[in-house]
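Reader: Please take me through the terms used for this model. I want each label set against its definition.

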Amino acid sequence: MKKKKKKILLVCGGAAAAVLLLFSSFVAWAFHRTEGETFDSNGCQIHYTVDGEGPAVVLVHGLAIHSDLNWRRTGITGMLDDEFQVIAMDLRGHGLTDKPTDPSQYGQEMAEDIVRLMDHLGIEKASVAGYSLGGFIVLKAIATHPDRFCCAALCAAGWKDPEDPSDLPNPYKPPPQRPSEVSMLFAAANGKEKSLFHRIRNRAGDELIPEGPKKALKSSYKELAVTREQLENNTVPAVCFIGDKDGLRPLGEALREHMARLEYVSLKDKDHFTTCLSSEFRKGLRDFLRRHGRG
């Protein structure tokens with residue numbers, strides 16, 4: 001009996017050690033940063049990296065993550081930097097960028113950061129790609145500075161009508177399959193218990209963006225609103241990549257309905273998390289930039 005108990009303890013200890021090693025490896029992978037440069041953007045020090053040479057592409061990451069995790073770890077930076085000058089920035093409140101707690105330091109300022117970074121680097125016109133929150137920021141940037149962008153990729157993002165008072169849907173909750181259920185999605189998005197993955201994602205996000213900056217950022221979301229008229233009058237070639245299981249898919253479909261000069265790519269069986277890992281997405285993004293980002 002004692003030998004059996006000892007064996008069980010050894011097995012349990014080995015399993016615990018393996019889990020700890022795996023967790024430690026994940027933490028090192030998630031938090032290791034590529035050293036870059038900083039510049040002053042209206043009083044906020046913005047961290048950015050530059051890889052490769054060629055036509056400029058600015059990459060804008062999502063909420064509670066950083067540029068390395070969103071773009072470098074997923075292989076997108078490496079895929080593009082043999083043809084393009086790839087510029088990846090850490091948003092305000094994130095990564096190695098300053099983290100103000102004043103809501104006035106977010107919203108429109110986040111869209112202006114893209115243009116100011118281009119000015120800082122002496123880039124008159126660039127392509128731009130944004131993922132999740134980054135997609136909404138990019139949409140605001142091309143709506144307010146259309147002359148500065150060759151093209152724009154809106155990834156795992158869409159359009160929320162500023163006249164619609166409903167909450168944003170949960171990105172990690174699969175969207176309804178029938179159009180008649182879309183209104184139910186908005187009503188229930190924040191009322192259901194969160195999935196285990198969503199809780200883990202939120203916990204990881206808490207380590208990547210402090211609570212004060214996160215609250216300030218979220219309170220300024222309304223400043224990123226783009227009107228239907230701005231969408232209908234868009235002049236920048238754009239594409240929307242979104243998974244058919246992404247909770248923001250209804251917003252992607254709204255974008256497709258109203259935005260001029262937009263290509264729409266639905267990624268089968270991909271959700272808000274897995275879209276950036278999809279080979280179809282990476283190939284589609286590269287091909288779009290090849291067609292529109294060279295002049």
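Author: Two strands pair if DSSP finds at least two bridges between them. Strands (E, at least two residues) and helices (H or I, at least four) are DSSP runs, numbered from the N terminus. The model is predicted: local features need pLDDT of at least 70, side-chain atom pairs count only at pLDDT 80 or more, and totals for chains, interfaces and linings use all residues. Residues are numbered from 1 along each chain as its sequence is written, and side-chain values use heavy atoms, with hydrogens and water left out.

Reader: How do you know that S6 and S7 pair?

Author: DSSP finds four bridges between them, in the parallel sense. The definition asks for at least two, so they pair. Leucine 154 stands opposite cysteine 240 in S7.

Reader: What joins S7 to S8, and in which sense?

Author: Six bridges, parallel. Valine 239 has glutamate 263 in S8 as its bridge partner. The chain crosses from S7 to S8 through helix H10 (residues 249-258).

Reader: Is that crossover right-handed or left-handed?

Author: This β-α-β crossover is right-handed. The label applies if, with the strands pointing away from the viewer, the path from the first strand over the helix to the second runs clockwise.

Reader: Why is S4 called largely enclosed?

Author: Four of the five residues of S4 (residues 85-89) are buried, so the rest of the structure largely encloses this strand. S2 (residues 44-51) runs antiparallel to S4, with four bridges.

Reader: How do you know that the span of H4 is close to the expected one?

Author: The expected span is 1.5 Å times one less than the number of residues. H4 (residues 108-120) has 13 residues, which gives 18 Å expected. From first C-alpha to last, H4 reaches 18 Å.

Technical notes: Buried < 20%, exposed > 50% of the residue type's maximum accessible area, 1.4 Å probe, protein only.
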